[in-house]
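Student: Could you walk me through how to read strands and helices in a model like this one? I would like the general idea each time, then the case at hand.

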Amino acid sequence: MTDVERHVALEAIAAEVRACTNCRLHETRTKAVPGEGDPETEVVFVGEGPGFNEDRQGRPFVGRAGDLLVKLLASIGWHREDVFITNVVKCRPPENRDPQPDEIAACAPFLRRQLEVLDPAVVVTLGRYSMGTFMPGARISGAHGTVRPVDPATGARSALVFAMYHPAAALRTPAIERESYADIAAVPTALIDARRRREALAQAPIEPEPPTDIEIAAATSEATAEPDPGATSRLPADDPAPQLTLF
């Protein structure tokens, strides 16, 4: 898929998000927040849901948490324009409450389709609700700063997921902010590992598909068929027997 094709596909998804009424969050939103960034990026950041400023502007991570995310990216020499940023829910939960399971489920197809288009090497989760989509059952206190393969069913076909605290939590707790800087410092290494993993997967031999029941039955029937008594008379008598070759 070309850069232009990715851009067009992402815009089509964004248009659907802006018109979406699949859950209760559309009733109180000002603007939906599909996500934004470089369509050619290898790294996607996935947060939990829009806040007050994001709801007003229709853009992800533009408030104080967004400012900290920009600083975290700058600490490894990256800019927000270098990555793609989105959320597990695309509309602001009232009063910035936690997103509910049915709301996350309603938005899941949008996130999956975005990841299918972007095909990232690394997905960085921001917060426990984002992490729960990619690391089910994990606790963020133990999982932050760790990496594991992404389930292809999420849309990220051959990516690694890297867990981080949400920047809003880092703003509230200095210790978490320090840990967030230490965590993001490991993301470039995770990207290098993800590239190597994708190369290895691309070079791996393709396993042959197992034969179907019909193919097995046909092969069995051919092996047990009675020989045709007239088969040898189909060649002219003076022609030599055909030779089996490797080419």
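This is a predicted model: local features need pLDDT of at least 70, side-chain atom pairs count only at pLDDT 80 or more; totals for chains, interfaces and linings use all residues.

## Reading a strand and a helix

Student: Which strand pairs with E4 through four bridges, and is the pairing parallel or antiparallel?

Tutor: To read a pairing, look at the bridges and the direction. Strand E2, residues 43-47, is joined to E4 by four bridges, and the two run parallel. E4 is also joined to strand E6, residues 160-164, by five bridges, again in parallel. There, Val-122 stands opposite Leu-160.

Student: Are the two faces of E4 covered or open?

Tutor: Check each face in turn. Val-122, Val-124 and Leu-126 are buried on one side, and Val-123 and Thr-125 are buried on the other, so to speak a strand covered on both faces.

Student: Which residues of H1 are buried?

Tutor: Arg-6, Leu-10, Ile-13, Ala-14 and Val-17 are. Because they cover an arc of only 105 degrees around the axis, they lie on the same side of H1. On the other side, Val-4 and Val-8 are exposed.

Student: What covers the buried residues of H1?

Tutor: The cover includes strand E3 (84-87) and helix H4 (101-118).

Definitions and conventions:
Residues are numbered from 1 along each chain as its sequence is written. Side-chain values use heavy atoms; hydrogens and water are left out. Buried means under 20% relative accessible area, exposed over 50%, partly exposed in between (1.4 Å probe, protein chains only). Two strands pair if DSSP finds at least two bridges between them. The arc is that of the directions from the helix axis to the C-beta atoms. Contact means heavy atoms within 4.5 Å.
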